[in-house]
Amino acid sequence: MGGARLWPTLFLTALAGVLIGVAPAAAQEVRDYGTSSRGLVGGGDAISTALDLLAQTSSTCDATDARRRGQDARGNPHYELACADGPGLYIVTWPAVTAISCMALAARTDPRAPFCRLPANRNPLVQYRRAAAAAGVTCEADRGRYIGHTLGGAEIYEIGCDGLAGGWVLWSPGEAIFKSCLIVEVEGGTCTLTRATERLATAAQLLRGSAVETCAPVEALFMGASAGIQHYEVRCRAGEHVVARLPREGGAPDIIPCEAATLIGGGCRFTP
């Protein structure tokens, strides 16, 4: 998964707040608009009307399809947009014109909340894979989870990978940034879509080309990063206990015995 960008420091500082506050806020945002009735209504002016409404929000969409989705209990119309450049959007017009991501609606827990029905918006995995690819993730993303959004509107997803550790993707139109679960969990986040065996498989991948590339990791821990250089503690089945220093430019890591790495991230923590 080389080449993926690191997350902005400002966002990392706010990570705990995002974890606590964003997902419930998104759920509340959806719940208050009531349910849409009368189903999908097409028409030649559906896209232009929906885009006129969208212009009143901070969201953007390269629209490929749109439908009027009936109205809420107060008679206020709802619209749904399919977007070529990101997840679809559900537009409500009361109490203010608001565009809600179809990813948030797909993760809803309130049965009264609306949901997206256009064919392009029915499979959230399409957007999870699109976001992962845009962030430079090279594994096969086979599962995903909507976590929430930042105050600036960027969406946060957890991506699960086939056979390797997944991670979190911070996604907005034109930008996607990936953070491995090996890092997310050390910084207080939660990865529910990555298995223990996949974490260790990623640790083994990090050691390729090094002096311990035959290591079968039994434990691995992200120790920290400085100036783009990352450090991982790895304990191997055969007994090696080392710190892998990943160079900024990629390639094989430098291997440091734990006894010589006491000044890196507080030193090794695993017990041999």
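So, the lining of the second largest pocket: by class we get 12 nonpolar, 12 polar and 3 charged residues. For the classes, Ala, Val, Leu, Ile, Met, Phe, Trp, Tyr, Cys and Pro are nonpolar, Asp, Glu, Lys and Arg are charged, and the others, Gly among them, are polar. This is a predicted model, so to say: local features need pLDDT of at least 70, side-chain atom pairs count only at pLDDT 80 or more, and totals for chains, interfaces and linings use all residues. Numbering runs from 1 along each chain as its sequence is written, and side-chain values use heavy atoms, with hydrogens and water left out.

Back to that pocket. A pocket here, on a 1 Å grid over the protein atoms alone, is an open set of points with protein on both sides within 12 Å along at least five of seven lines; a cavity is a set where a 1.4 Å probe fits but cannot get out, and lining residues have an atom within 4 Å of a point. The second largest pocket holds about 590 Å³ of space, where volume is the space filled by probe spheres set on the points, and points are joined across faces, edges and corners. There are 27 lining residues, and Ser-59, Ala-99, Gly-153, Ala-154 and Glu-155 lie nearest the centre. Two or more residues come from each of α2 (15–31), β4 (98–101), β5 (141–149) and β7 (167–172); β4 has the largest share, with 4 residues. Those labels are DSSP runs numbered from the N terminus: helices are H or I with at least four residues, strands E with at least two.

Now the cavity side. The count is 1 cavity of 30 Å³ or more, and the largest cavity has a volume of about 30 Å³. Its lining is Leu-182, Ala-203, Leu-206, Ala-220, Tyr-232, Val-234 and Ala-244, so by class that is 7 nonpolar, no polar and no charged. Both α7 (196–206) and β10 (229–236) supply at least two of the lining residues.

On to the helices. In α3 (residues 46–54), Ala-46, Ala-50, Leu-53 and Leu-54 are buried, buried being under 20% relative accessible area, exposed over 50% and partly exposed in between, with a 1.4 Å probe and protein chains only. They sit on the same side of α3 because they cover an arc of only 105° around the axis, the arc being that of the directions from the helix axis to the C-beta atoms. They pack against β1 (63–71), β2 (77–83), β3 (89–92) and β4, with contact meaning heavy atoms within 4.5 Å.

What about α5 (124–134)? Leu-125, Gln-127, Tyr-128, Ala-131 and Ala-132 are buried there. Their arc is only 160°, which puts them on the same side of α5. The face turned away carries the exposed Ala-133 and Ala-134. Just after α5, Gly-136 takes a positive phi of about 85°.

Thr-93 is in the loop between β3 and β4, and its side chain reaches the backbone oxygen of Pro-77 at 2.9 Å. Cys-116 lies in the loop between α4 (102–106) and α5, and counts as buried because its relative accessibility is 12%. Its C-alpha atom is 9.1 Å from that of Arg-69, 47 residues apart along the chain. Setting aside neighbours within four places in sequence, the contacts of Cys-116 include Arg-69, Glu-80 and Tyr-90.

Note on methods. Polar contact = N/O pair within 3.5 Å; in protein donor to acceptor, adjacent residues only side chain to side chain.
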